[in-house]
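Subject: The structure you asked about

Hi there,

Here is the structure, ready for you to open alongside this message. My notes on it follow below.

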Amino acid sequence: MIPLSWYLIVSAGLFCIGLFGVLARKNAIGIFMGVELMLNAAMINLLAFWRYHNPGQMSGPVFVVIIFATAAAEIAVGLAVIISAYRRNNTVVADEINELKG
């Protein structure tokens, strides 16, 4: 059986990679990919703690399904905003997109 600490180390590494992607990228698509990595790290944490502490309850998988739904909604709205900004400014560099009014 794999110890809980291994899952937490993998999750922390994934979260750090996502945080670096959010802070270092200028491309809006890259920023969204970093946010998705951070959400995946949170899901790994939730499932690991659920498996090791309360496997009889279904609270862990329920929270993961909620995070999946939130991530899907975030991608749908975020991609729509990025496409709209690209059509208006002809760029997806986050520093150059300073207005979102239509």
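This is a predicted model: local features need pLDDT of at least 70, side-chain atom pairs count only at pLDDT 80 or more; totals for chains, interfaces and linings use all residues.

Helix 1 (residues 4–24) and helix 2 (residues 28–53) have axes that come within 7 Å and cross at roughly 165 degrees. An angle over 145 degrees counts as roughly antiparallel, so that is how helix 1 and helix 2 run relative to each other. Their crossing is left-handed. Sorting the residues of this contact by class gives 17 nonpolar, eight polar and no charged.

The next pair is helix 2 with helix 3. Here the axes come within 9 Å, and the crossing angle is roughly 175 degrees. Helix 2 is therefore roughly antiparallel to helix 3 as well. In this contact there are 18 nonpolar and three polar residues, along with two charged ones.

If you wonder why I quote both an angle and a distance for each pair, it is because two packed helices are described by the angle between their axes and the distance between the axes.

Now for some individual residues.

Ser11 sits in helix 1. Is Ser11 buried or exposed? Its relative accessibility is 1%, and because buried means under 20%, Ser11 counts as buried. Which residues does Ser11 touch, leaving aside those up to four places away in sequence? They are Ala41, Ile44 and Asn45. With Ala41 there is also a polar atom pair to look at: a polar atom of the Ser11 side chain lies 2.7 Å from the backbone oxygen of Ala41.

Ser59 belongs to helix 3, which covers residues 59–89. With a relative accessibility of 31%, Ser59 counts as partly exposed.

Finally, have a look at Asn90, in the segment after helix 3. Most residues other than glycine have a negative phi. Asn90 is not a glycine, yet its phi is positive, at about 60 degrees. How accessible is Asn90? Its relative accessible area is 60%, and since exposed means over 50%, Asn90 is exposed.

That is what I have for you so far.

Best wishes

Conventions. Residues are numbered from 1 along each chain as its sequence is written. Side-chain values use heavy atoms; hydrogens and water are left out. Axes are lines fitted to C-alpha atoms, for helices over the stretch in contact, and angles run from 0 to 180 degrees between N-to-C directions. Helices (H or I, at least four residues) and strands (E, at least two) are DSSP runs, numbered from the N terminus. Angles under 35 degrees count as roughly parallel, over 145 as roughly antiparallel, 65 to 115 as roughly perpendicular and the rest as oblique. A crossing is left-handed if the near helix is turned anticlockwise from the far one by less than a right angle, and right-handed if clockwise. Ala, Val, Leu, Ile, Met, Phe, Trp, Tyr, Cys and Pro count as nonpolar, Asp, Glu, Lys and Arg as charged, and the others, Gly among them, as polar. Buried means under 20% relative accessible area, exposed over 50%, partly exposed in between (1.4 Å probe, protein chains only). A polar contact is a pair of N or O atoms within 3.5 Å; within protein, one must be able to donate a hydrogen and the other to accept it, and residues adjacent in sequence count only if both atoms are side-chain atoms. Contact means heavy atoms within 4.5 Å.
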